[in-house]
Amino acid sequence: MAVHEHPHRSSGFRLPTISRNGSASDGAVTAAAPATTATRAHVFASLRLLTGFVFLWAFLDKTFGLGYATPSGKGWIDGGSPTKGFLSSVAAGPMESTFHDWAGAGWANWLFMLGLLAVGVALTAGVALRLAAVAGTAMMALMWLAEWPPAKHLSDGSPSMSSNPFVDYHLVYAAVLIALAVAGAGVTWGLGKLWATLPIVRDHTWLC
């Protein structure tokens with residue numbers, strides 16, 4: 001019985017073929033999956049750290065008056081109010097008078113500053129992301145109401161100069177916080193895995 005030798009074929013690049021059951025005929029797709037997962041984890045970790053720094057920087061600048069959004073000598077430790085300037089300038093929306101009443105109140109200052117610090121530390125460390133998402137989203141929602149993007153005109157009749165009647169950066173930050181919590185972004189470059197092993201966290205998963 002004669003044996004016919006097939007011509008030699010090079011083992012160069014070729015696309016993986018997909019069988020009828022949807023699986024790849026070689027390991028190319030399978031091998032790429034871990035790399036894709038790792039890349040996604042690093043992207044979410046980077047986003048988490050950047051967002052955490054946004055909250056931490058706001059806390060530090062308002063506390064110590066670093067000369068950026070808060071002038072030097074006007075920080076919280078110097079007797080300044082972190083909420084008075086922003087809330088007293090609210091000029092549109094259904095909660096305008098309410099925000100004016102809250103402006104500069106001691107409880108409002110403490111809640112706002114502790115919120116910035118807690119969310120910033122949680123994101124930077126990669127722990128308690130669910131709590132951070134809830135607290136941060138509540139803060140962003142209140143700030144969205146204070147700026148009230150749907151208004152075309154301010155209460156004095158002047159144009160509001162709103163660039164979008166619904167979506168602004170406060171809603172984007174809230175969406176990012178929720179996404180980070182859902183993705184469990186505290187494991188990579190963070191203490192999320194260690195945090196999850198604590199007995200109190202194991203017993204109360206909402207602390208994750």
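This report walks through a predicted model of one protein chain, from its overall make-up down to a few single residues.

Let's start with confidence. The chain's mean pLDDT comes out at 89, and 85% of the residues reach 70 or more.

## The overall make-up

What does the chain use to build its fold, helices or strands? It has eight helices and zero strands. If you read along the sequence, the pattern is simply α-α-α-α-α-α-α-α.

Of the 208 residues in the chain, 27% are buried. The chain exposes about 13400 Å², and 67% of that area is supplied by carbon and sulfur atoms. Take the contacts between residues at least 6 apart in sequence: 59% of them join residues at least 24 apart.

## Two helices side by side

When two helices pack, they are described by the angle between their axes and the distance between those axes.

Which residues do the meeting? On the α5 side they include L129, A133, M140 and W144. On the α6 side you'll find, among them, Y169, Y173, L177 and A181. Sorted by type, the residues of this contact split into 14 nonpolar, three polar and two charged.

## The loop between α5 and α6

Find L154 in the structure: it sits in the loop between α5 and α6. Is L154 buried, partly exposed or exposed? Its relative accessible area is 28%, so it counts as partly exposed. Leaving aside neighbours within four places in sequence, L154 is in contact with A91, A92, P159 and S160. Another residue to look for here is G93, which is 61 residues away from L154 along the chain; the C-alpha atoms of the two are separated by 8.3 Å.

P159 belongs to the loop between α5 and α6 too. With a relative accessibility of 52%, P159 counts as exposed. Its contacts, again leaving aside neighbours within four places in sequence, are with K152, H153 and L154.

## Two residues with a positive phi

Here is a backbone detail worth checking by eye. Most residues other than glycine have a negative phi. A128 is not a glycine, yet its phi is positive, at about 50 degrees. You'll find A128 in the loop between α4 (106–125) and α5. A128 has a relative accessible area of 12%, so it is buried.

Where is W189, which also has a positive phi? Look in the loop between α6 and α7 (192–196). The phi of W189 is near 55 degrees, and this residue is not a glycine either.

Notes. Residues numbered from 1 in each chain as written. Predicted model: local features only at pLDDT ≥ 70, side-chain atom pairs only at ≥ 80, totals over all residues. Heavy atoms only, no water. pLDDT = per-residue confidence, 0-100. Contact = heavy atoms within 4.5 Å. Helix = DSSP H or I, 4+ residues; strand = E, 2+ residues; numbered from the N terminus. Nonpolar A, V, L, I, M, F, W, Y, C, P; charged D, E, K, R; others polar. Buried < 20%, exposed > 50% of the residue type's maximum accessible area, 1.4 Å probe, protein only. Areas by Shrake-Rupley, 256 points an atom, 1.4 Å probe, with all protein chains shown as cover.
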